[in-house]
Amino acid sequence: MKARIKFRKYGVMKFIGHLDVMRYFQKAMRRAEIPIAFTQGFSPHMIMSFANPLGVGLTSDGEYFDIELTEPIASREAVRRLNEVMAEGMEVISFVQIPEEKKATGMAIIEAADYLAIPKGEGGWITDAQIDAFLSQEEILVMKQTKKSEKEVNIRPWILEMKQQDDDVFLKVLAGSAVNLKPELVMGAFSGFCGSGQDAEKDFRYHRIENYARKDGTLVPLDALGTEIVL
């Protein structure tokens, strides 16, 4: 049986990197006595894969990872056990059963993500008119870091939605293995377009709201593709 776990990451835990988050949950699985499966061989490790690793410094309400179970455990019981061993800054939200197929893993199906870009100082310079003008461009060219070098890319098709939300900016962007648009790139391009002089990394903090897959042509949260385990 495969299961998908949704969790929040907030507070001081935003400074913990992805590899440490993996180690954290490996220890949490043992302490909570979740019947997680291990790989075979001389160096067995827990079967665990994260859908869309979160960058250092970001908080989130919608992080996911998939595991394999050696035996069923009720969803509510698993959530209760895990939250009993969570440190402040981590909270498990849901625990659902997912299809067995490899193509159904979170890493394989993720297509988009929601973010809030939150100004660290005064955010009054951001207006709907500026956002509309920014999005009306046929091309939004930025330098994107690749594994080997940098290259100029047009990120306009990757921005699905962008709007003002109080003093913050709401973003829905493409995410996943094929295209993974970071909110810092969008806000860097937007700040440059507006001539605000704002630094996308230093003058904003970022919060991921949700990760999405596609079902029947509609974007849905990853845990919506699973079912509650009831024993």
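Biologist: How many helices and strands does the chain have?
Modeller: The chain has five helices and 12 strands. Bear in mind that this is a predicted model.

Biologist: What makes the chain as compact as a globular protein of that length?
Modeller: Its radius of gyration is 19 Å. The globule rule gives 17 Å for 231 residues. The two values are close, so the chain counts as compact in that sense. Along the principal axes, the C-alpha atoms fill a box of roughly 55 × 35 × 35 Å.

Biologist: What share of the residues is buried?
Modeller: Buried residues make up 44% of the 231. The cut-off is under 20% relative accessible area. The accessible surface of the chain comes to about 12,200 Å². Carbon and sulfur atoms hold 50% of that surface.

Biologist: What share of the contacts with a separation of 6 or more comes from residues 24 or more positions apart?
Modeller: Such residues account for 70% of those contacts.

Biologist: Now the aromatic rings. How many aromatic pairs does the structure hold?
Modeller: The structure holds 10 aromatic pairs. One of them joins Phe 7 and Phe 50.

Biologist: Why is the pair of Phe 7 and Phe 50 called edge-to-face?
Modeller: The planes stand at 85°. The centres are 6.4 Å apart, and the limit for a pair is 6.5 Å.

Biologist: How do you know that this pair ties together separate parts of the sequence?
Modeller: Phe 7 lies in strand E1, residues 2-9, and Phe 50 in strand E2, residues 48-50. The pair therefore ties together parts that are 43 residues apart in sequence. Both Phe 7 and Phe 50 are buried.

Biologist: Why is the pair of Phe 25 and Phe 65 called tilted?
Modeller: Its planes are 50° apart. Stacked means under 30 degrees and edge-to-face over 60, so this angle falls in the remaining class, tilted. The rings are 4.8 Å apart, centre to centre.

Biologist: Which elements does the pair of Phe 25 and Phe 65 link?
Modeller: Phe 25 sits in helix H1, residues 18-32. Phe 65 sits in strand E3, residues 59-68.

Biologist: Why does Phe 25 count as buried?
Modeller: Its relative accessibility is 0%. The cut-off is under 20%, so Phe 25 qualifies. Phe 65 is also at 0% and therefore counts as buried.

Biologist: Which residues do ring pairs link into a cluster?
Modeller: The cluster holds Phe 7, Tyr 24, Phe 25, Phe 50 and Phe 65.

Notes
Residues numbered from 1 in each chain as written. Predicted model: local features only at pLDDT ≥ 70, side-chain atom pairs only at ≥ 80, totals over all residues. Heavy atoms only, no water. Helix = DSSP H or I, 4+ residues; strand = E, 2+ residues; numbered from the N terminus. Rg over C-alpha atoms; globule rule 2.2 N^0.38 Å. Buried < 20%, exposed > 50% of the residue type's maximum accessible area, 1.4 Å probe, protein only. Contact = heavy atoms within 4.5 Å. Areas by Shrake-Rupley, 256 points an atom, 1.4 Å probe, with all protein chains shown as cover. Phe/Tyr/Trp six-rings, centres within 6.5 Å; stacked < 30°, edge-to-face > 60°.
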